[in-house]
Each structure stands twice: as structure tokens, then as C-alpha cells.
Amino acid sequence: MKVAIYGQYYQNSTEPIIRDIFVFFNTNNVEMVIESDFLKMLYEKQLVKKEYKTFTSYKELDSSFDMFISIGGDGTILRSATLVRNSGIPILGINAGRLGFLASVQKDNIAEFLQFAIDKKYKISSRSLLSLDITPDNEGIEDIDFAMNEISVSRKDTTSMITIETYLNGEFLNSYWADGLIIATPTGSTGYSMSCGGPILTPDVQSLVITPIAPHNLNARPLVIRDDTEIRLKVSGREEQYLVSLDSRITSIKNESVLTIKKTPFKINMVEITDETFLKTLRNKLLWGEDKRN
């Protein structure tokens, strides 16, 4: 078995997790290829001493890899998706953060769940992504023009609201007067969109969510649409630029630019370990059923 490993370092919680992972894989003769910056940090912290093969970009990840191990929180998985891209390599998230819906393996169960991975006792949850095209040019997003959670627009250097003209498959929907607008995938429905009042979608739903951020037109509500819908946005405001974010990647865009958002032709494959389902994660993270009356 051959795995790629990428992670973020959190001093108080990550060290025992990293040690457990490396001990398990070395004991089971699993070939590990480590993201170069992450391995450099592991050497500096003296968490590992052996020499390992490394990778630096998505171009070095091919079909010879059986799995991509992401060590961190959901943000780390979103960055992992930019490395995996359209390779089809399944991502297994090991949670070293706090609240997370993507990194499903908890630190208390690492050895058990990694054994499931070696034995291939898992399911694949395919996650849709969104692509972004900007007219007249894609400056700032040329290399990574897709998002796993959401694409959002928001005001930049002003406290004034922006106006977001929104079209679905060429038909005018609404002019949102708001702090911004979120276009979320089912995966992203538990992120920024949820915190702005959007609905939660299960990962296998073929839908997207349009969620306004603090809308001034109070009759504007989150809207669920088919995921094969082409969304076109035109933003205007008092300032010359506004912000566009693709997950955690942010760039400034000139007013009156046209944004075209649609589903990508490829998906990200997430490893879903037995008994660590999306619904169980929802119950645990959102404390559903914790009311003593239940």
C-alpha cells in the first residue's frame, strides 16, 4: 500500500497523532510519501528521523497512490483537495482540530481506523466541487479555480453593502443587497453557509445552496437549486473591488466583473469508515439528541 501524507501542526494535539500514524504505517510496511513542507516541520520537531520520499505538488500524485492522509481539521482537507484534484485518490481525514465534518477519524481510534483502511473496509463518499470563471480575466485564480466547500463574494474595504445580480441558467433570479453571497456544495452546507442560516444537505444530494450574507432585503432566503445549474453573478458597490473566496483562498475582483459558477466535471473521493457516517458526525458535532428529555 502506498499513501501520501499531508498535515498541519498543532503542538498540543498533533504530536501523538503523528507518532501513532507513522508507527502504524511503518509496522505494516506501508509506503509513505510526505508533503515536503510538512516533512521539514516533522524533522524540525524531531517527530520523525527516517528519510522519506516527498511530493510538492499535485503533479506528483498519480494512480500509484492508494490513499491520501490528511492530518488536521477540515481546513487541511480543503487544502488536500487542491493537491488531489482530479486524480481520484481517496482522502482520509484524521481530525487534529476541533469542530469538523470532513476529518472523521478521531485521535482515540487511529490504529483501528487505519487498519480498516489497509483492509479496504471503507466506503467512498464522492463530493461535488464548484468551478469559477471570471470575465474579463481569471487573474488570481488561474491555477486553482475550484472549491470543495463554497465560492463566496463579499464586500472588501467598506462597511457598505454590495449588490449581487444573480442569474440561474441565464434567467434573472434576484439582486441581493447584502454583505455577500455564498454558493455552497452539499459538503460546504455545514460550513459558512450553515453559519449564515443555510440548510444542511447530505453529501449525496445533487444540489447547491445559495445563501445571502446579512441581506438587507429581508425577504431574501437561502435557496436550494440543482447542481447542474450555471450561476452567473455580477457584483457592484461603492468600492472599486470586492472579495471572492474559493474555500480559504481569497482574491480581489474589480466591480462589474462577471462570475460564472458551475459544477466541475470531477469529484473528490472521501474515505468513509464504517460507523463514522455523515449522520453520526452531525449528531456528535451539533449535539443532536443530547437534550436530557431524549
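Author: Start with helix 2, residues 36-44, where the buried residues are F38, L39, M41 and L42. Buried means under 20% relative accessible area, exposed over 50%, and partly exposed in between, with a 1.4 Å probe and protein chains only. Helices (H or I, at least four residues) and strands (E, at least two) are DSSP runs, numbered from the N terminus. Seen down the axis, the buried residues of helix 2 fall within an arc of 160 degrees, so they line one face. That arc is taken from the directions from the helix axis to the C-beta atoms. The face turned away from the buried side carries D37, K40 and E44, which are exposed. Just after helix 2, Q46 takes a positive phi of about 55 degrees.

A word on the source. This is a predicted model: local features need pLDDT of at least 70, side-chain atom pairs count only at pLDDT 80 or more, and totals for chains, interfaces and linings use all residues. Residues are numbered from 1 along each chain as its sequence is written, and side-chain values use heavy atoms, with hydrogens and water left out.

Now go to helix 4, residues 110-118. Its buried residues are I110, F113, L114 and A117. They cover an arc of only 100 degrees around the axis, which puts them on the same side of helix 4. An α-helix has 3.6 residues a turn, so residues three or four places apart point the same way. Just after helix 4 comes K120, with a positive phi of about 60 degrees.

Strand 4 is next, at residues 67-72. Six of its six residues are buried. M67, I69 and I71 point one way, while F68, S70 and G72 point the other way. In a regular strand the side chains alternate between the two faces of the sheet.

Strand 4 has neighbours to follow. Two strands pair if DSSP finds at least two bridges between them. Strand 1 (residues 2-7) pairs with strand 4 in the parallel sense, over five bridges. There, I5 stands opposite I69. Strand 5 (residues 91-95) also pairs with strand 4 in the parallel sense, over five bridges. F68 has I91 in strand 5 as its bridge partner.

The whole structure holds three cavities of 30 Å³ or more. A cavity is a set of points, on a 1 Å grid over the protein atoms alone, where a 1.4 Å probe fits but cannot get out; lining residues have an atom within 4 Å of a point. The largest cavity holds about 100 Å³. Strand 6 (122-127), strand 19 (268-273) and helix 6 (278-286) each give two or more residues to its lining. Strand 19 gives the largest share, three residues. Among the lining residues are F101, S104, R127, E272 and T281. The lining divides into five nonpolar, four polar and three charged residues.

Helix 6 also holds K280. At 26% relative accessibility, K280 counts as partly exposed. K280 and S104 are 176 residues apart in sequence, yet 9.9 Å apart in space, C-alpha to C-alpha.

Note on methods: 1 Å grid on protein atoms, 1.4 Å probe; cavity = no way out; pocket = protein on both sides within 12 Å on 5 of 7 lines; lining within 4 Å. Points joined across faces, edges and corners; volume = space filled by probe spheres on them. Nonpolar A, V, L, I, M, F, W, Y, C, P; charged D, E, K, R; others polar.
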